[in-house]
Amino acid sequence: MTLLDSYVRQVLAALLIAGSALGGIACRVVATPGVFYGSTTPPQRNILRYVNGDEPESLDPPVSSGQPEARIYMALFQGLVDYDPKSLNPIPALAERWDVNNDSSEFVFHLRHGARWSNGDPITAQDFVYSIRRALAPQFASKNAYLAYAITYAEAFNEKAVFAVDPATGQFVSEQDVASPAQPAGIALSQKPLGPAGSEYDAGAVGPHGDPDVKPQAGAETAFHQFMHSPPRLTLPSDEAKRNKLIASDPALKTALQGKQFVEVEDKDIGVEAVDDYTVRFSLSEPAPYFSGLVAHQLFRLTPRKIIEQFGDQWTAPEHIVTCGPFKLKAWLPYNELVVERDPVYWDAANVHLDEIHFFVSTDAPTSMNLYKVGEADVVLNHTVPNAWLDTIRSKKDYMDGAEAAIVYITMNVTKPPLNDVRVRRAFNMAIDKINYAKSRRITKPLSAFTPAGIFVGYPQPKGEDFNPEQARKLLGEAGFPVAAKSGGGFECKSFPVGQVEFTFNSNSSNKAMAEFMQAQWKQNLGVTVPLRSMEFKTFMNARAKLDYKGFAIGIWGADYMDPFTFLGLFTTTGGVNGTGWYDVKYVALLEEANRTLDHNQRYELLAKAEKYLLDAQPLIPVETTAVNFLKKPYVKGMYPNAASLYAWKFVSIERDSSKWDYGVPSLAE
Amino acid sequence: MLRFIIRRLLITVPTILVVLTITWALVRLAPGNFYSNEKAVPAAIEKNIREKYGLDKPWYQQYWKTMRGIVRLDFGTSLKYEGESVNAIIARSLPVSATVGILAYLLALVVGIFAGSIAALHPNSKRDYASMTLAMLGISIPNFVLGPILVFVFALTLYWLPPSRWNGFFSRNLILPVLTLSGLYMAYIARLTRAGMLEVLRSDYIRTARAKGLSEWQVVTRHALRGGLLPVVSYTGPALAFLVTGTVVVERIFVLPGLGNYFIQASLNRDEPLIIGIVAFIAITLLLANLVVDIAYAYLDPRIRY
């Protein structure tokens, strides 16, 4: 017994020693309690530790569509332009300036001289041609490829379409050859025969800041440019069965294709051209005024041809990778962190403030918050502050919030009754008190349109119908589902086929809260109890894209580029992102008309007209404009809660002088 | 003995193939794809992706391709993480999981056996009640509760330890996950040890040992512990296999780049090769661990012969 007792004592002593060792580790200073959330000791070196969310799926810019990857690409790779840290408008990157033709269907980018890859090779216009052709190749199968479909023949190339050619004359069949007079082909200026040199650029917008003294330069004439300005060629599906079916259904097409051969659309056919070493010209098949902002997207960022051809899909391995951004890869510890360091050969290296950025992986919001609180991380990603913590965190001076270029809405399956009746859809929209809903969510704004509120400056956003339960009941009655007042208060709508609708959402707590709110509103104001159905994320996305749901489903959309069209364009296709089954040629024509308009304000008005048309058709119920919210240590400067949570890292710095710190949200005003 | 081992190994192979076939089918049946995310891809792009990864081929061809790879222990490349081989991911994340798991189990063994022995040697004493109450708590508090409590106390309040993340082997980042993970096992081992020891201490050979005049220390360490620990040993095999191959919850709470974290992520990503690779690895480890336990049994208990 005594022996065992001494054993106990020994172990206790060991535990005590271990305990004091733990205690000795404590060395962190917790400064200014209350004003900020957790520690505010700036790091000794110019290193930023950023909690970036998910593990990046790839370091190959056109591969991934995710935000964590986009932020890493912004450190490692450059495009023609970059996102302004506040407004997200295009700012010069590898292109010094750019010119636009008279209907925004041709863009000429003038590259800066002296830009280099991280291995010292010069960056030229040919690099852009290679990168964009690669990103659009069907074998490459980029998820983002659709973003570039405005480029002439890009969609055809990406879809492996074919041209039809006369084997005798070598003449290609053009769209005009088969266009029925009923549908006049609206051709963009970029596809019309060229006028006198430079005449297409008279009124053209000049980027970046519209300097009136610099005359637009269309770039030199080339055979390729002539080809782009020839009548648009007819493209057909490469799949023979599909093509034959199409041809059989259209007599005009059948005659035009008699005795023709089919040749595949190749990468050299798409509308991107290196006019000379420092000029890149894009020809678009439709006017796209937002294009100069779009090319900041990762799909258009440069990838190194030599390295890719040498190492194949291993080119992004740390030992092989060559980059072209303000930072280069230092280390990649998967599922842990990715470290980038300042690249001395970057053209603007003198203005890069940080020595390193550590991108941490963490998908769990409380875990990220903890890292931030103890000072292991300097900034956490957007949407990391849990809703339940807002009361504590909101008043802190390092809490960042701002409007987000993203919306939450409810899609309705308009292909199935009873929601195929616009009156029913309007009734369900008007029965929701969105102002109260936004209040319950605390940081978001109620939304009555399809574009986010307060994001696109100068955009005359139309308004959808307001909360009006009385009118909603009347509409539902008109549609054949009379709503009656119940004796004990409230309403009932006995004839409404509740079994034909559901509210479907992907399971997470905030979606569930939203679904329950909507269910309660509809029950209270219409007397209809819509069943709720929760699904795992990917299952849900699949069901919604294929219209494999009845009634209602949750919808969330964030901007791909800073233009209302990134939202309004969702309904220009029938499948996938549409999610409602609603498609209207008049709506598409309205959008096309708007995009062809060069005057910025006039275009916005036309876009707003299209949006109003969409809201009147009501294939969706707008719910809220979401909000950016995250935490940033006060000593991190040059980082703003911009609407897309994308940061141009070269502007970010560490400030050790506490009198220059950010106390509160730094202004987004220019 | 050798025949026993060979026989066991031979049953293992079909078991694993069945497990993997079921896994493969389940992944296929789950709606959604590795490429589906919040922005649905247009049909043409979906077609490109399916062709690139051979998903346009008939299911039996795809099944055959997967199984052929598995037989050669080549699980292919991840669908989500471009160009990364599944074998490389397992090789990279296993040491992380194993370090945390083995450290946690060692801690659990030391503390558990110690507490269990004390309790057994003084049945119904205060020490017994104290250690068994603690053990009961350890079993009833799940690690997703214990972890955050430890983080709250040691990281967020005292600022002693980092709250999460991997920082290399044997860094102080490991202390909290190891403690969290060992809690349950510690408690379980304490109870197993107590029960086993109580039974053994009453047996004839212990009385013989005492009658021989051996000191209490020798009786306990040489004779009682050896027999009393048998339940712990049979528990060690599967427990260690699970610990080493990653503990989903703890790796998630502490953001450790281990197998468990990859496993969860792979399922959410519908990353078929990675899911199958990790399931195969866990299944093999588990079956081997059980085999080792059976062998250890024969060594520890002279009455058992195969």
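**Group meeting: strands and the A–B contact**

Let's start with a pairing in chain A: strand β13, residues 337-342, is joined to β14(A) by 5 bridges, and the two run antiparallel. One pair to look at is A:Val339, whose bridge partner in β14(A) is A:His358. Keep in mind that this is a predicted model.

Stay on β14. This strand of chain A spans residues 356-360. Is it mostly covered or mostly open? Mostly covered: 4 of its 5 residues are buried. β14(A) also pairs with β1 of chain A, residues 47-51. Here the sense is parallel, again over 5 bridges. Find A:Tyr50 on your screens; A:Phe359 of β14(A) stands opposite.

Next, a sheet. Also in chain A, 3 strands form an open sheet in the order β8-β6-β9, with antiparallel pairing. Which strands are at the edges? β8, 235-236, and β9, 261-264, each pairing on one side only.

Now the contact between the chains. Chain A puts in 49 residues, chain B 45. On the chain A side, three helices each supply at least two residues: α1 (2-25), α11 (365-373) and α17 (537-545). Which element gives the most? α1(A), with 6 residues.

Definitions and conventions:
Residues are numbered from 1 along each chain as its sequence is written. Chains are lettered from A and ligands numbered from 1 in the order in which they are written. This is a predicted model: local features need pLDDT of at least 70, side-chain atom pairs count only at pLDDT 80 or more; totals for chains, interfaces and linings use all residues. Two strands pair if DSSP finds at least two bridges between them. A residue is buried if 20 or more other C-beta atoms lie within 10 Å of its own, exposed if 12 or fewer, and partly exposed in between; C-beta atoms are placed from the backbone. Two residues are in contact if their C-beta atoms, placed from the backbone, lie within 7 Å.
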